[in-house]
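Student: I have the model open and want to go through how its pieces pack. Can we start with a pair of helices?
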Amino acid sequence: MARKDYILTSESVSEGHPDKVCDRISDAVLDAFLAEEEHARVGCETFATSGLVVIGGEVGLSDQDRLKDYMGRIPQLARDCIRDIGYEQDKFHWNTCHVLNFLHEQSANIAQGVDREGAGDQGIMFGYATDETPELMPAPIQYAHKILRLMAEARKAGKEPKLGPDSKSQLSVRYEDGMPVELTQIVLSTQHLDPGLTSDDVRAIVEPYIRAAVPGEWITDKTEWWVNPTGSFVIGGPDSDAGLTGRKIIVDTYGGAAPHGGGAFSGKDPTKVDRSAAYAARYLAKNVVAAGLAKKCTLQISYAIGVARPLSIYIDTHGTGEVDDTAIERAVAEAMDLTPRGIRLHLALNRPIYQKTSAYGHFGRAPEEDGAFSWEKTDLTEALKAAIR
């Protein structure tokens with residue numbers, strides 16, 4: 001029997017975290033190529049350190065001459081990302097950092113399998129949903145993201161000029177009878193531009209955003225606060241620590257509340273099932289819960305490179321299912337075409353919608369008019385219920 005009373009901790013990192021800077025640049029490259037051609041192929045990795053950004057990987061357009069011309073735009077894309085995030089430090093400034101572009105044409109060996117509409121790689125992907133928040137996300141990661149997002153919005157609007165782009169949050173949530181009821185620990189570290197600020201000064205700045213992000217009754221007299229516990233945090237971003245695309249996969253998904261297949265998302269076009277099938281798995285798990293078929297749902301799906309159909313689908317409703325898990329597995333397979341092409345069409349993924357996914361979580365976000373976060377829709381509930389038998 002699953003535990004009912006426990007404490008679960010999740011962390012989030014801001015868009016100014018070194019790894020997230022790299023995720024943002026990789027997804028900006030992806031969006032640029034998808035805006036040019038909806039079937040563009042992109043596998044872009046970014047590395048950042050003090051004064052330097054290095055971009056590499058593989059890209060493909062149907063017109064190779066056009067691809068060569070397009071390469072010249074990449075450094076400015078990176079600078080635009082860094083400027084929007086807010087870095088103008090002496091040793092990491094959007095206008096002065098070196099940007100090296102080593103992108104190259106996609107491997108023909110990989111392309112041949114994908115061109116036959118097979119999966120771009122082998123692998124396992126997981127999706128998860130739970131009814132403990134309105135977004136059907138685990139509470140610790142959902143509210144850890146929200147804190148940092150509110151802080152970033154205030155910083156960019158000029159309301160908090162003393163805050164820098166780099167920050168991290170971590171929430172420990174106590175569960176009672178399987179539902180979140182209380183914050184036992186709040187951890188928040190944020191870059192600040194005034195070296196004279198103490199930890200207490202920083203807490204006075206950030207506490208309103210923390211309280212605005214989480215349910216008010218969860219913060220009690222017993223809640224312990226740890227704000228900038230090491231003291232000064234003036235140097236941030238890639239100047240303080242190297243960054244790399246794809247190193248925050250648990251932050252990007254469910255904060256440790258659910259399994260992860262291991263594949264990162266940013267910089268990968270939707271032919272790559274690391275990304276598209278993980279989105280489909282979240283979409284299906286969320287619709288299972290939204291349909292009332294279960295209170296919690298974990299979904300695993302697996303693929304082989306060059307093979308279109310999924311090799312397996314596995315559902316676990318953690319003892320909360322209204323029907324047998326095998327019945328939900330059959331319904332899921334019937335309700336949605338889970339070939340890579342079927343996923344891309346169903347969720348309309350061949351669009352430049354990915355930069356905004358690179359920070360504050362790929363899941364638990366509201367679907368947007370331009371098609372971003374289409375995997376957060378709950379429009380498959382009736383089809384799932386109809387497929388149960």
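Student: What is the handedness of the crossing of α5 and α6?
Tutor: The crossing of α5 and α6 is right-handed. A crossing is right-handed if the near helix is turned clockwise from the far one by less than a right angle, and left-handed if anticlockwise. This is a predicted model, where local features need pLDDT of at least 70, side-chain atom pairs count only at pLDDT 80 or more, and totals for chains, interfaces and linings use all residues. Residues are numbered from 1 along each chain as its sequence is written, and side-chain values use heavy atoms, with hydrogens and water left out.
Student: At what angle do the axes of α5 and α6 cross?
Tutor: Roughly 135°, and the axes come within 9 Å. Helix α5 covers residues 139–156 and helix α6 covers residues 199–213. Axes are lines fitted to C-alpha atoms, for helices over the stretch in contact, and angles run from 0 to 180 degrees between N-to-C directions. Helices (H or I, at least four residues) and strands (E, at least two) are DSSP runs, numbered from the N terminus.
Student: Which residues of α5 and α6 meet?
Tutor: From α5, Y143, K146, I147, L150, M151 and A154; from α6, V206, Y209, I210, A212 and A213. Contact means heavy atoms within 4.5 Å. The residues of this contact are ten nonpolar, no polar and one charged. Ala, Val, Leu, Ile, Met, Phe, Trp, Tyr, Cys and Pro count as nonpolar, Asp, Glu, Lys and Arg as charged, and the others, Gly among them, as polar.
Student: Switching to strands. In what order do the three strands of the open sheet come?
Tutor: The order is β7-β12-β13, with antiparallel pairing. Two strands pair if DSSP finds at least two bridges between them. The edge strands, each pairing on one side only, are β7 (123–130) and β13 (312–316). From one strand to the next, the twist averages 15°.
Student: How many bridges are there between β12 and β13?
Tutor: Five, with β12 spanning residues 296–303. In one of them, L299 has I315 in β13 as its bridge partner.
Student: Which helix lies across β12 and β13?
Tutor: Helix α9 (residues 325–335), running at about 135° to β13.
Student: Back to helices: how far apart are the axes of α1 and α3?
Tutor: They are 9 Å apart, and α1 (residues 18–36) packs on α3 (residues 74–85) at about 130°.
Student: And what is the handedness of the crossing of α1 and α3?
Tutor: Right-handed.
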